[in-house]
Amino acid sequence: MENEMTCKELVELVTDYLEGTLLEDVHVQFENHLSGCDGCTSYMEQMRQTILLTGKVREENLTPIQRDDLLRLFRDWKKA
Amino acid sequence: MEAQLDELTLLSLLRQRDETAFTQLVEQYHSSLVRLATIYVQDTRIAEEVAQETWLAVLHGLDLFEGRSSLKTWIFTILANKAKTRGGRETRTISYADWEDRPAVSPDRFNDSSAEKWPDHWARGSAPASWDEIPEDLLLSQETLNIIREAIDQLPESQRSVIALHDMEELSAQEICNILEISETNQRVLLHRARSRVRQALEDYLQPEH
């Protein structure tokens, strides 16, 4: 069918889908495709897990020098 | 570790010049602030200075902060403004590398567009496989999180800042657009490219056979 979404198209629309910004008919095509495609279902699941795991990544801890500098800045402000 | 204080408590403690509240805030955000500053000022030492100036501005501005945005967003906005001024440009031009039209998934994992059967669908043996069977210990291990961090570090700078602000700091799309001065559409494109590359790095690590 003309209007069927391909897997190659779907993987480019995942963020738009998750953010809810797809046009209604594209949104429907997206879900229709997902319901019949194991590969894309896994892909979608992997993207969700990627987002979840990224949320668990923490930036590097402060170095002792950084911490000292910032505490000095705080104490100077407190005194002023 | 002590329980993390919520923003309102932090704010009222800070206004009473409480040092532990300040320590918690800098532990939470300082590294992210330095990272964001580096997209405007290339030198990491200058980025560090800009982040320090931001903290000073936060402390001096505490009594003026009206809580119309979250404390976090307020801090990141101050940082972005200072970094822009310091970097000598009002709006950042997003680099070519950020827009490079790299597909989310390598094209050789799909059937040819002209294939008779299932054009542009996953090629045999190339479809992603579920991560459900992967033990949670591995999925949530420090090693896995390091893979993500390395993948993020390798992204072009605008993609890196969008994914860090959206998926790590969990700021809203609207807040990110204001801070980076980009449109919502551009924000989503950058976010999508960034996430797609991180997913690929994770797949390479978790399922090397793919």
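Start by selecting the two domains of chain B: their centres, taken over C-alpha atoms, are 28 Å apart. The bounds, which come from an automatic or database domain assignment, are 7-87 for domain 1 and 108-206 for domain 2. Before you go on, a word on what you are viewing: this is a predicted model, in which local features need pLDDT of at least 70 and side-chain atom pairs count only at pLDDT 80 or more, while totals for chains, interfaces and linings use all residues. Residues are numbered from 1 along each chain as its sequence is written, and chains are lettered from A and ligands numbered from 1 in the order in which they are written.

**Stop 1: where the domains touch**

Nine residues of domain 1 of chain B are in contact with eight residues of domain 2 of chain B; contact here is a distance within 7 Å between C-beta atoms placed from the backbone. Which elements give two or more residues to the domain 1 side? Select helix H2 (19-37) and H4 of chain B. H4(B) gives the most, with five residues. By class, this side of domain 1 of chain B has four nonpolar, three polar and two charged residues. (Ala, Val, Leu, Ile, Met, Phe, Trp, Tyr, Cys and Pro count as nonpolar, Asp, Glu, Lys and Arg as charged, and the others, Gly among them, as polar.)

**Stop 2**

Zoom out and show chain B as a cartoon. Chain B has 10 helices and zero strands, where helices (H or I, at least four residues) and strands (E, at least two) are DSSP runs numbered from the N terminus. The C-alpha atoms fill a box of roughly 70 × 40 × 30 Å along the principal axes. Of the 210 residues of chain B, 33% count as buried. Buried means 20 or more other C-beta atoms within 10 Å of a residue's own, exposed means 12 or fewer, and partly exposed is in between, with C-beta atoms placed from the backbone.

**Stop 3: a helix pair**

Now select H3 (residues 44-61) and H4 (residues 71-87) of chain B, whose axes come within 9 Å and cross at roughly 130°. That angle makes H3(B) oblique to H4(B). Angles under 35 degrees count as roughly parallel, over 145 as roughly antiparallel, 65 to 115 as roughly perpendicular and the rest as oblique. The axes are lines fitted to C-alpha atoms, for helices over the stretch in contact, and angles run from 0 to 180 degrees between N-to-C directions. Show side chains on both helices: among the residues that meet are Ile46(B), Val50(B) and Glu53(B) from H3(B), and Ile75(B), Leu79(B) and Arg86(B) from H4(B). The residues of this contact divide into nine nonpolar, one polar and three charged.

**Stop 4: two loop residues**

Go to Asp120(B), in the loop between helix H5 (96-99) and helix H6 (136-139) of chain B. Its phi is near 60°, a positive value in a residue other than glycine. Asp120(B) counts as partly exposed because it has 18 C-beta neighbours inside 10 Å.

Next, pick Glu170(B), between helix H8 (157-168) and helix H9 (173-180) of chain B. Glu170(B) also has a positive phi, about 60°, although it is not a glycine. Is Glu170(B) buried or exposed? With 10 other C-beta atoms within 10 Å, Glu170(B) is exposed.

**Stop 5: the partner chain**

Finally, bring chain A into view: 42 residues of chain B are in contact with 35 residues of chain A. To see the chain B side, select H2, H3, helix H7 (142-153), H8 and helix H10 (184-206), the elements that give two or more residues to it. By class, this side has 22 nonpolar, eight polar and 12 charged residues.

Key:
Two residues are in contact if their C-beta atoms, placed from the backbone, lie within 7 Å.
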